[in-house]
Amino acid sequence: MRESWNDQGQGFHPVSAPDYLPTVQLRDLQLRRLKAVVTRAYDNVAPFRERMAERELTPAVIETLADIAKLPFSLKTDLRDNYPFGLFASPMSEIVRLHASSGTTGKPIVVAYTQEDLQVWASVMLRTFASAGVHRGDIVQNAYGYGLFTGGLGAHYGLEAIGATVVPTSGGNTDRQIMLMRDFGVTGICCTPSYFIHLIERAGELGVDLRELPLRVGIFGAEPWSEGMRECIEHGSGIKAFDIYGLSEIIGPGVGSECHEQAGLHIFEDHFYPEIIDPETCQVLPDGEEGELVLTTLSKRAMPMIRYRTRDITHIITEPCSCGRTVRRIARVARRSDDMFIIRGVNVFPSQVETALLAVEGILPHYRIVLTRDHGLDQMGVEVEVSPEVFSDQVSVMEALHKRLSHSIERITGIRAGVRLVEPHSIPRSEGKAKRVWDERTA
Amino acid sequence: MKVTQISCFIENRPGRLHAACEALASRRINIHTLSLADTAEFGILRLIVAEPDAGKAALDAAGYVTRKTEVLAVEVPDDAGGLASVLAKADTAQLNIEYMYAFSAEVGARAVVIMRFSEPDRAVEALQRAGVNLVAPIALLAKA
């Protein structure tokens, strides 16, 4: 499929031009913007100024891009500690939008945008959709949640900017989503990958085969997902599935996105400066090494974030992409250090369990991980829904499947898990970010 | 001469078996016979019903995972050594039986056993050649 964005047959959208900047000019732009944003945060955000002062630093410390490593990190706790407006660099009279996280652990985190910020956000979302081949004439169903969550409105303005027709369904009401998708001749969809898999399942139950609809492209993000899930989506719905990356603390969706090569996510580096650090030592790692992604907003006005620790584990891909974009790529984020749980002293990521299940079944079954504590000993249970593909009328075949799943999980995570085969649909579905881990351990 | 069996995955939770039977009852689908193979954590319900396609559809709609399998309804003389004589013929033909269960009622004066072979087509041919009577689906329907 050729990448084209509009009705004039051009190869790329003019707004995407910074994706193709020569590296020398890009680094020069980044340095100038870095100096400006550090100065802005220093002048207007008291907690940042105090942290700089503790290290006897001023914005003048930034002479080259490498000097960014001298600056202090920002953490999610900073947003909680300064709830609600303590990190704003603009007066409220210039702030035109607030968003907030769902706040599963106490207070939500609040983020803010000026009019300029919203224009930048729409432009990076436009570049996101352009790289996925969305263009004027497309009808795109936006099933990211609208409201305080950044996903819905972030995607919405990018879609309008590129000239697509937006169907703002927001999340939920799955049967209606499928009806509109079919009746409107929807060609693109935005939602979390796990919700789209739920849509495929439900469409099948309603007798709608998504492969026979005009639906062509999916823009999926807001949670880590694997190549196996991509295969499951592309095979089950006949679309091309693109991974996008973003987080509310930085801007929302629109930090980076895959191009047609589907080989890593291009970071919109003219606005977001990426570093990879060792999460233990906090030292910056060279490009290519795996570690925690740290992002600095180079142009954000209402709420600049300097060296924000994302907790996402990835690495920077330095090889030029054959799509022609010069902005660097990160590998797909398969795991977050936040998702990690420790069981009997072993670090386990849900993505490892996913890999183990995929290795046995070929496609990813719906599953959940339940952590319990029995007489002081942590137990990992994995419930796996039995799909028609793996179900057999023979007990021996089902027991062999059970054994292979247990072995595969133990081989990959190092933990012996209590695998339980369960009926289809017995594990709750999420309409937003998938919940994979139920931690029921009590002290 | 093969009979369609529906198998259904049942979690070991109270009410799941009842709900499966209820799904069939609500569509007025009669169960001719059944067997439940169970392990500590799950069971596999195998059913011979009057209308296998409708039965499968009813269970699928109720959210169960199901599968259609071809089995044989094998007539067995209802006397001592009756089953042994049939199994001897299966042995001679080197047929592998995965599992079997008895039909709940006699068909005519003879007992009927449902047998799941790993190679159902070869089993039909070999058993018929050995003089074993296989009961057609329609005859099961007439009886039940």
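Guide: Gladly, and let us begin with pairing: strand β5 (residues 188-191) and β6 of chain A are joined in the parallel sense over four bridges. Two strands count as paired if DSSP finds at least two bridges between them, while helices (H or I, at least four residues) and strands (E, at least two) are DSSP runs, numbered from the N terminus. This is a predicted model in which local features need pLDDT of at least 70, side-chain atom pairs count only at pLDDT 80 or more, and totals for chains, interfaces and linings use all residues. Residues are numbered from 1 along each chain as its sequence is written, chains are lettered from A and ligands numbered from 1 in the order in which they are written, and side-chain values use heavy atoms, with hydrogens and water left out.

Across this pairing, A:C190 stands opposite A:I219 in β6(A). Together with helix α7 (residues 193-205) of chain A, β5(A) and β6(A) make a right-handed β-α-β unit; right-handed means that, with the strands pointing away from the viewer, the path from the first strand over the helix to the second runs clockwise.

β6(A) also runs parallel to strand β7 (residues 240-247) of chain A, joined by four bridges. Here A:F220 faces A:D243 in β7(A). The chain goes from β6(A) to β7(A) through helix α8 (residues 227-237) of chain A, in a β-α-β crossover that is right-handed.

Finally, both faces of β6 (residues 217-220) are covered: A:V217 and A:I219 on one side, and A:G218 and A:F220 on the other, are all buried, that is, under 20% relative accessible area, where exposed is over 50% and partly exposed lies in between (1.4 Å probe, protein chains only).
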